[in-house]
Amino acid sequence: MTAPTASTVPTTDSGRPGSPDLLRSVFRRHAAGVAVITAEDGGRPVGFTATSLNSVSADPPLLSFTIATGASSWPAIRDSEHLGVHILGEHQQDLAGLFARSGADRFGPGTGWAPGPYGVPVLDDVLAWLVCRVVARVPAGAHRVIIAEAVAGDPAGEGRPLLYHQGRFNALRD
């Protein structure tokens, strides 16, 4: 495969090369799984919705996700040694929206959860969950890439995954 040259790179009016608008426009077309990341912060649970979850390595079992340093959950994620990672099912669009909303009572009466390994909040009725030990927090613009090692979990939830595409939560279609 040869690299594109200046004359073969397509141009478009929908975004500037290397611009935030271009990146957002392209990634709106990329369907991503939906996860909720949780942590314990001075005895209270915190969490947020993430669509940036990635498997990094099977051995050791590493994953990554990103968080904005301006996010309300950032101080807890910054200071936590262990985190929860929850893969949401298509039946959990409301939960994904709740954890994505700024100022929401994310662990209010409607959210089922219990303290898990290392005191990490573990959500009920998810497709799968992991408790992970943070191994790195890498600066990336106004975000941090969190790299964490899986130390406990359960992949046995039932259902189909929730997806994020074109700015909304969607169910997987056959």
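Student: Before we start, what should I know about the model and its numbering?
Tutor: This is a predicted model, where local features need pLDDT of at least 70, side-chain atom pairs count only at pLDDT 80 or more, and totals for chains, interfaces and linings use all residues. Residues are numbered from 1 along each chain as its sequence is written, and side-chain values use heavy atoms, with hydrogens and water left out.

Student: Thanks! How many helices and strands does the protein have?
Tutor: There are 3 helices and 12 strands. Both are DSSP runs numbered from the N terminus: helices are H or I with at least four residues, strands are E with at least two.

Student: And what does the C-alpha trace span?
Tutor: About 55 × 35 × 35 Å along the principal axes.

Student: What share of the residues is buried?
Tutor: Of the 174 residues, 34% count as buried. Buried means under 20% relative accessible area, exposed means over 50%, and partly exposed is in between, with a 1.4 Å probe and protein chains only.

Student: How much of the contact set comes from residues 24 or more positions apart?
Tutor: Such pairs account for 61% of the contacts with a separation of 6 or more. A contact here means heavy atoms within 4.5 Å.

Student: Switching to charges, how many salt bridges are there?
Tutor: The structure holds 5 salt bridges. The criterion is a side-chain nitrogen of Lys or Arg within 4 Å of a carboxyl oxygen of Asp or Glu.

Student: What about E149, which residue does it bridge to?
Tutor: E149 forms a salt bridge with R133, and their closest N and O atoms are 2.7 Å apart. E149 lies in strand β10 and R133 in strand β9 (residues 128-140), so the pair ties together parts that are 16 residues apart in sequence.

Student: What does R78 pair with?
Tutor: R78 meets D79 in a salt bridge of 2.9 Å, N to O. D79 is exposed, with a relative accessible area of 55%, whereas R78 is partly exposed at 39%.

Student: New topic: how do β11 and β12 pair?
Tutor: β11 and strand β12 (residues 168-171) pair in the antiparallel sense over 4 bridges; two strands pair if DSSP finds at least two bridges between them. L162 stands opposite A171 in β12.

Student: What's in the turn?
Tutor: The two strands form a hairpin with 2 residues between them, and Q166 in the turn has a positive phi of about 55°. Q166 is not a glycine, and this residue is partly exposed, with a relative accessible area of 38%.

Student: Where does Y118 lie, and what is its phi?
Tutor: Y118 lies in the loop between β7 (113-115) and β8 (121-123). Its phi is positive, about 60°, although Y118 is not a glycine. Y118 is exposed, at 59% relative accessible area.

Student: Last one: which peptide bond is cis, with omega near 5°?
Tutor: That would be the bond from D59 to P60. P60 has its place in the loop between β4 (54-57) and β5 (62-68).
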